[in-house]
Amino acid sequence: MSYLCWGDEPSLDPIRPKPIVLRLMTVPASNNALMEDIVGLCKRRGFIFASSEIYGGYNGFYDYGPLGVELRNNIKQAWWRDFVHRRDDIEGLDSSIIMHPKIWKASGHVDGFSDPMVDCRESKKRYRADQLFFAPVILDGENQGYVAFMEGTDTTTIIKRAKKVRDGLDKKQSALDEAALGSDHTEFTEASETQRAQTLGPDASAVGTLTAPREFKLMFETKVGPLADDSAVAYLRPETAQGIFANYKNIVDTGRVKIPFGIAQIGKAFRNEITPRNFIFRSREFEQMEIEYFIAPEADWKALHRDWLDTCIDWLVSIGLPRGSITEDIHPTEKLAFYSQATTDLMFHFPHGEQELWGIACRSDYDLKQHQQHSGKSMEFFDEASKSKYVPHVIEPSLGVDRTLLAVLTAAYTEDEKPNDKGQLEKRTLLRFSPRVAPYKAAIFPLLKNKPELVEVADKLHKKLQRRWNVFYDASGAIGRRYRRQDEIGTPFGITIDFDTIEKDGTVTLRDRDTCEQRRVTEAELIDFLEEQIEG
């Protein structure tokens with residue numbers, strides 16, 4: 001599917017605007033069936049629930065269940081370990097969610113953090129205009145109107161909607177140009193008044209019900225203190241980056257840092273999205289993992305930017321994403337914001353199409369200078385090596401926890417056929433999680449739960465492994481059924497205590513989730529193997 005767009009993320013502010021010039025982007029068609037399978041498994045096995053479900057849910061908000069919170073924490077811990085603990089040039093930070101409102105004034109969010117919104121006068125639904133597209137309905141070679149649809153809509157659905165336009169014109173016998181519906185897509189922000197009057201909205205039964213786009217502010221507003229006047233207005237942060245910039249001087253003064261260095265933060269952010277959708281990909285409450293990496297103005301920023309791209313790609317592969325599923329979307333120079341030197345998005349093929357996963361931007365010294373100007377505090381860094389003062393430039397790798405989790409789920413979800421206990425092939429659903437991020441690292445099974453000698457050894461091993469990793473103990477049901485239960489939640493290794501364990505050499509059966517292959521190992525070999533797979 002090809003369409004015109006200018007990026008996936010909402011425009012944050014005048015500092016981070018969307019480029020004005022549109023760019024042609026080709027995106028694989030969405031796979032609604034895969035998304036439905038993933039959502040169903042997440043609900044069934046306790047990964048992710050709709051927030052406030054007993055009250056009918058709350059659009060744009062999600063709760064993470066027992067397995068989901070483990071997967072989420074493992075992703076965050078892997079990121080923190082690799083980008084903070086295992087590097088000497090990055091410091092950690094945890095800034096507050098509610099900060100002084102002047103921070104958001106300085107950053108530009110108060111005046112410019114908005115998205116274009118379109119209303120449907122018939123269905124009363126609202127759409128983000130830069131995610132709404134329209135295509136011509138061409139009948140017998142002539143343009144007879146338009147059909148509007150959301151980003152990622154499959155061509156079959158678009159054609160069905162176009163036929164409603166044709167039927168409404170009483171031209172059922174006219175030939176419909178389906179090729180144009182599959183390729184000639186334009187962002188609705190570009191629609192003229194005449195085109196809007198001839199357009200059938202995504203949820204409308206009549207044409208001409210969509211309004212012109214208007215700006216919709218995205219920051220959640222709240223009040224701080226006992227007064228409810230304008231002086232008490234504050235905001236839930238829409239991003240974590242400004243907390244880093246606001247604390248830059250504190251870390252420079254206390255951290256004994258040397259250029260280049262970075263500040264990393266994991267934290268919640270909030271955006272009042274017009275149309276949260278695609279499961280946890282776009283929600284109103286989400287979590288970010290961001291680094292602001294400060295460099296000297298004369299540094300070779302192009303080489304450093306490339307290094308960060310390679311580092312980020314390698315990290316995504318290390319948590320289980322296939323290298324072939326990650327592509328780079330380089331923003332052309334003429335479409336960058338005036339302060340920006342370069343921006344490249346790492347894209348991933350989600351079930352709803354290829355979308356941005358990780359943005360790596362070279363943002364010059366603009367952010368620090370904005371805060372220097374508005375706060376009156378110097379953001380200059382004294383470089384001992386060059387004996388000079390300057391405001392550093394910054395490279396910003398910005399990654400969403402929830403999007404990463406959805407990418408991990410997408411890459412891991414697999415269906416295959418394996419023999420059951422009776423040797424008959426049956427369908428198997430499994431999650432091929434990397435051991436680094438899997439909720440449970442291993443499952444321990446006594447072959448029979450009514451044999452105390454097996455249970456005793458299994459329980460002892462379970463408690464021993466539990467001191468280091470999150471492992472699961474299961475003694476209920478046939479061993480094959482227990483394997484299948486663990487396959488479906490992504491547990492990479494199964495450890496079975498059988499009669500050979502207690503009557504012969506003390507070895508256990510180690511089963512691989514993906515291949516179902518089994519081998520005998522000693523306890524020492526087992527622990528060494530798990531350590532290498534999980535922590536190596």
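Helices (H or I, at least four residues) and strands (E, at least two) are DSSP runs, numbered from the N terminus. The structure is a predicted model, in which local features need pLDDT of at least 70 and side-chain atom pairs count only at pLDDT 80 or more, while totals for chains, interfaces and linings use all residues. Residues are numbered from 1 along each chain as its sequence is written, and side-chain values use heavy atoms, with hydrogens and water left out.

In these terms the secondary structure of the protein comprises 15 helices and 29 strands. The C-alpha trace spans about 85 × 80 × 50 Å along its principal axes. The radius of gyration, taken over C-alpha atoms, is compared with a globule rule of 2.2 Å times the number of residues to the power 0.38. For 536 residues a compact globule would have a value near 24 Å, and the 27 Å of the protein agrees with this. Of the 536 residues, 54% are buried, where buried means under 20% relative accessible area, exposed over 50%, and partly exposed in between (1.4 Å probe, protein chains only). Contacts (heavy atoms within 4.5 Å) were considered at a separation of 6 or more, and 67% of them join residues 24 or more positions apart.

The protein exposes about 24,200 Å², of which carbon and sulfur atoms supply 49%; accessible areas come from the Shrake-Rupley method with a 1.4 Å probe, and for residues only the protein chains shown count as cover. The mean positions of the 71 positive and 84 negative charges are 3 Å apart. Here Lys and Arg count as positive and Asp and Glu as negative, with His and the chain ends not counted, and each charge is placed at NZ of Lys, CZ of Arg, CG of Asp or CD of Glu.

Strands of a sheet pair through backbone hydrogen bonds, either parallel or antiparallel. Two strands are taken to pair if DSSP finds at least two bridges between them. An open sheet of four strands has the order E10-E8-E9-E11, with mixed pairing. Its edge strands are E10 (186-187) and E11 (199-200), each of which pairs on one side only. Strand E9 (residues 142-150) pairs with E11 in the parallel sense over two bridges, and Thr 199 in E11 is the bridge partner of Tyr 146.

Two hairpins were also examined. Strands E23 (residues 413-419) and E24 (residues 425-431) run antiparallel and are joined by seven bridges. Lys 418 stands opposite Glu 426 in E24. Five residues lie between the two strands of this hairpin, and Gly 423 in the turn has a positive phi of about 85 degrees. Leu 510 stands opposite Arg 519 in E29. The hairpin of E28 and E29 has five residues between the strands, and Cys 516 takes a positive phi near 65 degrees.

Most residues other than glycine have a negative phi, and most peptide bonds are trans. The peptide bond from Ile 259 to Pro 260 is cis, with omega near 0 degrees. Arg 256, although not a glycine, has a positive phi of about 55 degrees and is placed in the loop between H8 and E15. Arg 256 counts as exposed because its relative accessibility is 80%. Asn 278 has a positive phi near 60 degrees and is located in the loop between E15 and strand E16 (285-295). With a relative accessible area of 23%, Asn 278 is partly exposed.

Selected helix residues have contrasting surroundings. Gln 486 in helix H13 (residues 479-488) counts as buried, at 5% relative accessibility. Apart from residues up to four places away in sequence, Gln 486 touches Ala 443, Phe 445, Phe 472 and Thr 491. Glu 36, found in helix H1 (residues 32-44), is exposed, with a relative accessible area of 59%. Its C-alpha atom is separated by 25 Å from that of Val 147, 111 residues apart along the chain. Glu 193 belongs to helix H7 (residues 193-197) and is exposed, with a relative accessible area of 64%. The C-alpha atoms of Glu 193 and Pro 66, 127 residues apart along the chain, are separated by 50 Å.
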